[in-house]
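Here is a short note on the cavity, the pockets and the nonpolar core of this model. Please read the points with the structure open.

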Amino acid sequence: MIAAQAALETRMLLRNGEQLLLTVIIPTLLLVLFSTVDIVDTGEGRAVDFLAPGILALAVLSTAFTGQAIATGFERRYGVLKRLASTPLPRWGLMTAKTASVLVVEVLQVILVTVIALALGWSPQGNPFAVLLLLVLGTAAFSGLGLLMAGTLKAEATLAAANLVFLLLLVGGGVVVPLERFPDAAQSVLGLLPIAALSDGLRDVLQHGAGMPWGDLAILAGWSVVGLAAAGRFFRWE
């Protein structure tokens, strides 16, 4: 039942034009544009080496947080979640299926971003296991926060808030603009955000060949625990 529901959730995500714009087109355009046009000073080295890890983090944000929050919020509004909760599929099974569909879409995003970045001259380094661990914890953190938003706010409020958060984190989360470009006081706060931890952790590994980024992993783990616990506690199915 979980596998069937996960396949259905994945097909729904891939057929949604707005979701494809958010999860595929926007990250791809940002990667190509900022890698080929000198818009933002990304420091020493090629721009694509700085941007590719940030775009991978943005892909996780767009699918696990923004897309899932909006879709789940409207499913809740129209009573879809309530009807599904009355089927033999348990509620934890529905959440597992949603998580599985997010992971499938993220795998496709990672493949697409990687292929485009390599075509632009990206030379990734580092430990693949560290990258995988960062992506998994980032997915858990953003999924928890997305479900918390979808399960507590009205659908229209979720739509507006999720898109606003996406734009704010795109600009201030170290995705395309280095955190070093912000004032020192702002850097200390922005560095604690899950998108900043994910993008910086991926950048440390893939661009600089660092080992396990324990500090960034700890931040993501903290957000994962808080987000998932809060979603489990406050999520309303109706």
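1. Basis. The model is predicted, and local features need pLDDT of at least 70, side-chain atom pairs count only at pLDDT 80 or more, while totals for chains, interfaces and linings use all residues. Residues are numbered from 1 along each chain as its sequence is written, and side-chain values use heavy atoms, with hydrogens and water left out.

2. Nonpolar core. A nonpolar core here is a set of buried Ala, Val, Leu, Ile, Met, Phe, Trp, Tyr and Cys residues joined through side-chain atoms within 4.5 Å. Buried means under 20% relative accessible area, exposed over 50%, and partly exposed in between, using a 1.4 Å probe and protein chains only. The largest core has 46 residues, of which L31, I55, L58, L61, F142, L198 and L202 touch the most other members. Its contributors of at least two residues each are α2, α3, α5, α6, α7, α9 (194-206) and α10 (214-234). The most come from α3, with 15 residues. Helices (H or I, at least four residues) are DSSP runs, numbered from the N terminus. In soluble globular proteins, nonpolar side chains tend to be buried together.

3. L31. This residue lies in helix α2. L31 has a relative accessible area of 1%, so it counts as buried. From L31 to P53 the separation is 22 residues in sequence and 10.0 Å in space, C-alpha to C-alpha.

4. Cavity. On a 1 Å grid over the protein atoms alone, a cavity is a set of points where a 1.4 Å probe fits but cannot get out; a pocket is an open set with protein on both sides within 12 Å along at least five of seven lines; lining residues have an atom within 4 Å of a point. Points are joined across faces, edges and corners, and a volume is the space filled by probe spheres set on them. The whole structure has one cavity of 30 Å³ or more. The largest cavity holds about 60 Å³, and its lining consists of L13, L14, Q19, L20, T23, V24, T63, G67 and V105. Of the helices, α1 (2-15), α2 (17-36) and α3 (47-77) each give at least two lining residues, and α2 gives the most, four. The lining has five nonpolar, four polar and no charged residues. Ala, Val, Leu, Ile, Met, Phe, Trp, Tyr, Cys and Pro count as nonpolar, Asp, Glu, Lys and Arg as charged, and the others, Gly among them, as polar.

5. Largest pocket. Its volume is about 440 Å³. The lining has 23 residues, with N16, Q19, G67, I70 and A71 the closest to the centre. At least two residues each come from α1, α2, α3, α5 (91-119) and α7 (155-172); α3 has the largest share, nine. The classes are 10 nonpolar, nine polar and four charged.

6. Second largest pocket. This one has about 330 Å³ and 19 lining residues, with L56, V110, V131, L132 and L135 nearest its centre. Two or more residues each come from α3, α5 and α6, and α6 gives the most, six. The lining divides into 13 nonpolar, five polar and one charged.

7. Helix α6. The expected span of a helix is 1.5 Å times one less than its number of residues. For the 25 residues of α6 (residues 128-152) this should be 36 Å, and the end C-alpha atoms are 36 Å apart, which agrees. At the start of α6, a side-chain oxygen of N127 comes to within 3.0 Å of the backbone nitrogen of F129.

Conventions. Polar contact = N/O pair within 3.5 Å; in protein donor to acceptor, adjacent residues only side chain to side chain.
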